[in-house]
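Open the viewer and get ready to select. The tour goes stop by stop.

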Amino acid sequence: MWHTSLEERAVKLTSESERNALIAFLEKQGLALDGDVEYSMVITDFGKIIATGSFAGRVLKCIAVDEEYKGLGLSEKVFTHLTNEQFRRGRTHLFVFTKPQNKQIFSDLGLSLIAEVPSKVVLMENRTDGIRKYLDELAAESGEIIPSAAVVVNCNPFTLGHRYLLEYAAARCQKLHVFVVWEDKSSFPTEVRYRLVKEGTADLPNVIVHRGRDYIISDATFPTYFIKHYEDVVETHARLDVTIFLQYIAQRLAIQKRFVGEEPYCAVTSEYNKVMAEMLPAAGIELEIVPRKTAGGAAISASRVRELLRSGDLAAVRALVPETTYRFLVSEDAGEIIEKLRSSASRH
Amino acid sequence: MKQLTIQSTGIAGTLESSDISITIEQNEDKGIEIQLKSTVENLFGEQIKKVIRETLEDMGVNDALVRANDKGALDCTIQARVTSAVSRATQTPCYPWEVK
């Protein structure tokens with residue numbers, strides 16, 4: 001089955017010609033090359049690309065096989081190559097987002113389905129017990145399972161606005177589960193964001209802070225290469241994330257209500273909230289949108305805090321964050337993060 | 001017999017027909033746990049698990065989480081892939097290549 005003319009190799013992504021050849025091949029398959037791809041491989045026949053696969057972090061993506069070469073076991077070759085390279089890099093828990101019609105192909109490669117948004121996207125992982133283990137971890141952190149509420153936050157970094165939202169929510173339920181988004185693409189590293197939320201809510205006895213891990217899907221890790229329209233990306237991502245929340249997390253922890261901060265500025269978040277407003281009540285979960293806390297006439301937001309950090313106005317920052325966050329910001333550990341903030345113009 | 005403790009993760013094998021992909025992870029004090037996916041599971045699932053388990057026990061591995069994705073491998077292939085995966089997970093050469 002394996003022709004001698006076929007060759008398997010890594011793509012040098014920094015080479016413009018190699019990159020363009022890969023992009024052209026993907027385009028023919030109706031796919032794009034996601035911007036955050038860190039590794040790509042191709043299988044060629046007399047130099048012509050006939051199959052490819054890539055990954056970014058723990059997400060395998062942009063996997064495609066030329067129509068004419070189907071049935072030769074090329075997708076197995078691609079998948080084995082990517083898995084071995086990931087293991088070499090120390091990553092053993094892998095994920096794939098793909099179109100629902102590819103479910104069977106990936107299932108044959110040994111992946112298990114986590115969740116599906118009909119006709120849009122499926123999320124799969126290379127373990128049969130991945131999400132179950134995560135739910136066990138959540139349950140172990142939660143103590144007694146009683147009717148409870150949930151909030152999902154990024155907290156980049158934790159501000160008085162977040163504090164207000166969590167305090168408000170905690171006062172209105174028996175137990176509040178707080179999930180910290182776990183992607184590491186924010187200015188403040190994941191562990192720092194998590195720690196600041198934990199420290200900033202330590203005095204609220206019914207608040208449990210959880211790591212969002214791989215099952216609270218951040219829009220930063222959600223791949224877009226197989227979705228044509230931008231509006232579709234935002235909505236599909238929201239639907240997938242809410243589906244996982246409902247199917248697994250809410251069910252396991254007896255979550256009956258979800259609180260979200262009002263989002264008047266960010267179009268992505270407000271679209272996300274719209275999807276929740278439709279899906280949660282249909283599943284019997286109440287949604288409450290909490291207006292933002294303001295200071296000096298403007299809503300307190302983490303982006304404003306980052307803006308002030310960038311301009312070095314620590315006094316103004318102090319008025320917007322809890323004491324715990326402020327103490328971190330003036331500590332030595334924060335130096336590098338703030339330095340990085342200043343040198344970048346990124347929104348996150 | 002020498003005991004082997006799995007501390008990191010090892011992978012061996014491919015997904016080609018007649019091969020098996022074996023991943024070995026640590027599973028502290030929880031014994032040998034095998035998660036098998038196979039194209040011939042109904043017919044040979046139990047036999048494949050038995051070969052994996054015996055190969056591990058022969059090597060002195062008592063605790064391991066094994067994820068196996070089988071494409072119809074013969075017993076000798078399964079043994080070879082398990083041995084290699086354990087070697088990689090323990091970073092020790094487990095196979096006596098040279099005749100003593």
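How many residues of domain 1 of chain A are in contact with domain 2 of chain A? Keep that in mind while you set up the view. What you see is a predicted model.

**Stop one: the domains of chain A.** Select residues 6-92 of chain A for domain 1, then 131-343 for domain 2. The centres of these two domains, taken over C-alpha atoms, are 34 Å apart. Now the answer: eight residues of domain 1 of chain A are in contact with five residues of domain 2 of chain A. On the domain 1 side, five of the touching residues are nonpolar, one is polar and two are charged.

**Stop two: a helix pair in chain A.** Select helix α7 (residues 230-253) and helix α8 (residues 267-282) of chain A. Their axes lie 9 Å apart, at an angle of about 45°. An angle between 35 and 65 degrees counts as oblique, so α7(A) and α8(A) are oblique to each other. Their crossing is right-handed. Show side chains next. From α7(A), pick V234(A), E235(A), A238(A), R239(A), V242(A) and L246(A). From α8(A), pick V268(A), E271(A), Y272(A), V275(A), M276(A) and M279(A). These residues make the contact. Nine of them are nonpolar, three are charged and none is polar.

**Stop three: where chain B meets chain A.** Bring both chains into view. Each side of the contact has twelve residues: twelve from chain B and twelve from chain A. On chain B, select β2 (20-25), β3 (32-38) and β4 (64-70), the elements that give two or more residues to the side touching chain A. What kinds of residues make up that side of chain B? Six are polar, four are charged and two are nonpolar.

Note on methods
Residues are numbered from 1 along each chain as its sequence is written. Chains are lettered from A and ligands numbered from 1 in the order in which they are written. This is a predicted model: local features need pLDDT of at least 70, side-chain atom pairs count only at pLDDT 80 or more; totals for chains, interfaces and linings use all residues. Two residues are in contact if their C-beta atoms, placed from the backbone, lie within 7 Å. Helices (H or I, at least four residues) and strands (E, at least two) are DSSP runs, numbered from the N terminus. Ala, Val, Leu, Ile, Met, Phe, Trp, Tyr, Cys and Pro count as nonpolar, Asp, Glu, Lys and Arg as charged, and the others, Gly among them, as polar. Domain bounds come from an automatic or database domain assignment. Axes are lines fitted to C-alpha atoms, for helices over the stretch in contact, and angles run from 0 to 180 degrees between N-to-C directions. Angles under 35 degrees count as roughly parallel, over 145 as roughly antiparallel, 65 to 115 as roughly perpendicular and the rest as oblique. A crossing is left-handed if the near helix is turned anticlockwise from the far one by less than a right angle, and right-handed if clockwise.
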